[in-house]
Amino acid sequence: MSHPFPIIEIDRFSGFCSGVNRAIKAAEEGLKRYGTIHSLGSLVHNEEEISRLRKLGMEFITHEEADGSKQVVFIRAHGEPPETYRKLEDQGAVVIDATCPVVLRLQHRVRESSRQFRESGSGQVVIFGKPGHPEIIGLLGQAEGNALLISKKEEAELIDYSQPLHLFVQTTASEAEYAELCVIIAAKSRQQTGRSDMVTVTNSICRQMSRRVPELKAFAARHDVLIFVSGKDSSNGKYLSGIAREVNPETYVVAGAGEVENWFFGAASIGISGATSTPVWLMEEVAARVSEIVQSNK
Ligand code: SF4
């Protein structure tokens, strides 16, 4: 039997993080000023938002397509390696740099640590993150070849423990996985050097990301059904929707209102949440569709 008046609530902590919000605002201002701007890669992993920006005049290009013929080039929140800035400067491009300040700070720390190791003649930066992710490409670029990327704990074997190590982590990585990796690396370093001062750990996971997990768990637990709105390519969306499903097995992932099905028989409360790349307007559209379906169930 369907519930007569189910509650439909949008998760107030979901939606764009401050870095993505800032990038979208910078893009909108750039579009007003220049008409057309070229983003190096997709701005957010959300097809609906991308299509809205396209209509405003934004074009999405690869690094190879930034060939000097594109006047205004937009750098998204993930950031870029120094090489990209050099190339764009040589081409005389106007650069709109929307690198998130949190990522910029991390880039700076990786660059400094790598410089200090180079000057002292020993030491390596180790970054835990996803190979090929644009933020990781940007971070590796800061270290100018003196950084090792680790994407899973088994790869801790690849590290040369005879030297000092400085560990960093991608801003969107899992806290639990990073904590486990740090323990493994510290133990191996102690075993091989007999010293406990050879490993420096920086927890560079974005607080907006780490806070999202407990907030989402609480939200998913208090609703009978959870609709998670996320683009298909969003790694943050996959990660967060997996966490929501662990708490609430009645979790359904949709890219937009058109994918909502009738999952609501007997539900007294329905929650709508989303990834850090999901715009609020899209969650509002999904909420409106849920409301229509619920009405038709009466
Ligand atoms: S998740 Fe954090 S680091 Fe990444 S863009 Fe958003 S605010 Fe910046």
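The shell around the ligand comprises six nonpolar, four polar and no charged residues, where Ala, Val, Leu, Ile, Met, Phe, Trp, Tyr, Cys and Pro count as nonpolar, Asp, Glu, Lys and Arg as charged, and the others, Gly among them, as polar. The model is predicted, with local features requiring pLDDT of at least 70 and side-chain atom pairs counting only at pLDDT 80 or more, while totals for chains, interfaces and linings use all residues. Residues are numbered from 1 along each chain as its sequence is written, and side-chain values use heavy atoms, with hydrogens and water left out.

Around the ligand lie Cys-17, Ser-18, Gly-19, Cys-100, Val-102, Val-103, Thr-171, Cys-206, Gln-208 and Met-209 (a heavy atom within 4 Å). At least two residues of this shell come from each of α1 (18–34), α4 and α7 (207–221); helices are DSSP runs (H or I, at least four residues) numbered from the N terminus.

Helix α4 (residues 101–120) packs with helix α5 (residues 134–142) at an angle of about 30°, their axes 8 Å apart; axes are lines fitted to C-alpha atoms over the stretch in contact, and angles run from 0 to 180 degrees between N-to-C directions. In α4, Val-103, Leu-106, Gln-107, Val-110, Arg-111 and Ser-114 meet Glu-135, Gly-138, Leu-139 and Gln-142 of α5 (heavy atoms within 4.5 Å). This contact of α4 with α5 has four nonpolar, four polar and two charged residues.

For α7 and helix α8 (residues 235–247), the angle is about 40° and the axes are 9 Å apart. The contact of α7 with α8 divides into 10 nonpolar, one polar and two charged residues.
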